[in-house]
Amino acid sequence: IDLYRLKSETGGVLSRTTIYSPDPKTGKQPDHIAPAVMPGARADILTADDSCVYLRDTAFEKSGTERPDGKAHLFTLTDFLDDTWPHRSYWIFGTQCSLATGCSGRDKNLVYGRLLVFDESKIYGYGRSQVHWSNQLQDGPYRMFCVSRDEGTALWQKPLKIQVRAMVLTDKVLFVAGPALDMDGEPEARSGNEKALLMAISASDGTELAKYELDAAPIFDGMAAAYGRLYISMTDGSLVCMAQE
């Protein structure tokens, strides 16, 4: 994998860093650090903060050189474009892949969810209340939640009547969208009903502020906000733009 730094004005190459996991002498992959931790790298969408650029749980200086550690940041166990929901394949806000639970010693305050958004002080997410190490039938229920970014302590949580497939945080409002759930907690779209909802939720306490019906469900992570507009990419191939009246 090659990590390039480019001049944004011209596209000129500033540096190139080759990321190569196997031992250059033997060509073999390094030994596991622990039963659930395999060293190495896979390509994915990059994330960044004020000090580092991240490829999953690997940190790089702004100069492009790899460093041994970084700050807590957003990454995934699979990749950001994976819209499937396999057991324990979550987005994580942390420093290492440690969501394997139970006997493998998961981080005590690890923040994880199917989707996560955050600001300078809080992290918001949608996911199960707990993830059992062996059997998903023993997992906790899905819920929206808000935790402190520094301590990881819970600030609020609530169940929703939709399966959240897209989420955006604005200044004071959290927008979530997805297919409506049936009486068994399963998406109604599975039974041929394409009904979906967009919900506006107070970021401070989780209060429902507004609710709108959508003609189709959003694609996974298919929502963005800019300049007072909300944009939603739909599974029927359309793009919806919404604005406050």
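Contact here means heavy atoms within 4.5 Å. With that cut-off, take Tyr142 as a way in. Setting aside neighbours within four places in sequence, Tyr142 is in contact with Trp85, Tyr90, Arg114, Tyr126, Gly127, Arg128 and Pro159. Tyr142 lies in strand E12, residues 142-148. Tyr142 is partly exposed, with a relative accessible area of 23%.

Now the whole chain. The model is predicted. Its mean pLDDT is 86, and 86% of the residues reach 70 or more. Among the elements, strand E9 (residues 111-113) has the lowest mean pLDDT, 89. Strand E14 (residues 166-169) has the highest, 97. Residues 101-105 are another matter: pLDDT stays under 50 there. The model has 8 contacts beyond four places in sequence for that stretch. Where pLDDT is low, the predicted coordinates should not be read in detail.

The chain has 20 strands and 0 helices. Of its 245 residues, 38% count as buried. Take the contacts with a separation of 6 or more: residues 24 or more positions apart account for 35% of them. The chain exposes about 14,300 Å², and carbon and sulfur atoms supply 50% of that area.

Next, strand E16, residues 196-202. How many of its residues are buried? The count is 7 of 7, so by the cut-off of under 20% relative accessible area the strand is mostly covered. Both faces are covered. Ala196, Leu198, Ala200 and Ser202 are buried on one side. Leu197, Met199 and Ile201 are buried on the other.

E16 has strand partners too. Strand E15 (residues 173-179) pairs with E16 in the antiparallel sense over 7 bridges. In that pairing, Ala177 stands opposite Leu198. Strand E17 (residues 208-214) also runs antiparallel to E16, joined by 6 bridges. Here Met199 stands opposite Lys211. E16 and E17 form a hairpin with 5 residues between them. Gly206, in the turn, has a positive phi of about 85 degrees.

Leu55 has Thr58 in E5 as its bridge partner.

Salt bridges come next. The count is 4. Which residue does Asp50 pair with? The partner is Lys71, with the closest N and O atoms 3.0 Å apart. Asp50 lies in the loop between E3 and E4, and Lys71 in the loop between E6 and strand E7 (73-76), so the pair ties together parts that are 21 residues apart in sequence. Asp50 is exposed, with a relative accessible area of 63%. Lys71 is partly exposed, at 43%.

Arg67 forms a salt bridge with Asp69, and the closest N and O atoms are 3.5 Å apart. Salt bridges that share partners join Glu61, Arg67 and Asp69 into one network. Arg67 is partly exposed at 24% relative accessibility. Asp69 also counts as partly exposed, at 47%.

Arg16 forms a salt bridge with Asp2, with the closest N and O atoms 3.0 Å apart. This pair links distant parts of the chain: Arg16 sits in strand E2 and Asp2 in strand E1 (residues 2-6), 14 residues apart. Arg16 is exposed, with a relative accessible area of 52%. Asp2 counts as partly exposed at 36%.

E2 spans residues 13-18 and also holds Val13. Is Val13 buried or exposed? Its relative accessible area is 54%, and exposed means over 50%, so Val13 counts as exposed. Tyr4, Leu6 and Val13 form a nonpolar patch on the surface. Together the three have about 300 Å² of accessible area.

Key
Residues are numbered from 1 along each chain as its sequence is written. This is a predicted model: local features need pLDDT of at least 70, side-chain atom pairs count only at pLDDT 80 or more; totals for chains, interfaces and linings use all residues. Side-chain values use heavy atoms; hydrogens and water are left out. Buried means under 20% relative accessible area, exposed over 50%, partly exposed in between (1.4 Å probe, protein chains only). Helices (H or I, at least four residues) and strands (E, at least two) are DSSP runs, numbered from the N terminus. Two strands pair if DSSP finds at least two bridges between them. pLDDT is the predictor's confidence in each residue, from 0 to 100. Accessible areas come from the Shrake-Rupley method with a 1.4 Å probe; for residues, only the protein chains shown count as cover. Patches are made of residues with over 30% relative accessible area and no salt bridge: like charges are joined within 9 Å, nonpolar side chains (Val, Leu, Ile, Met, Phe, Trp, Tyr) within 5 Å. A salt bridge is a side-chain nitrogen of Lys or Arg within 4 Å of a carboxyl oxygen of Asp or Glu.
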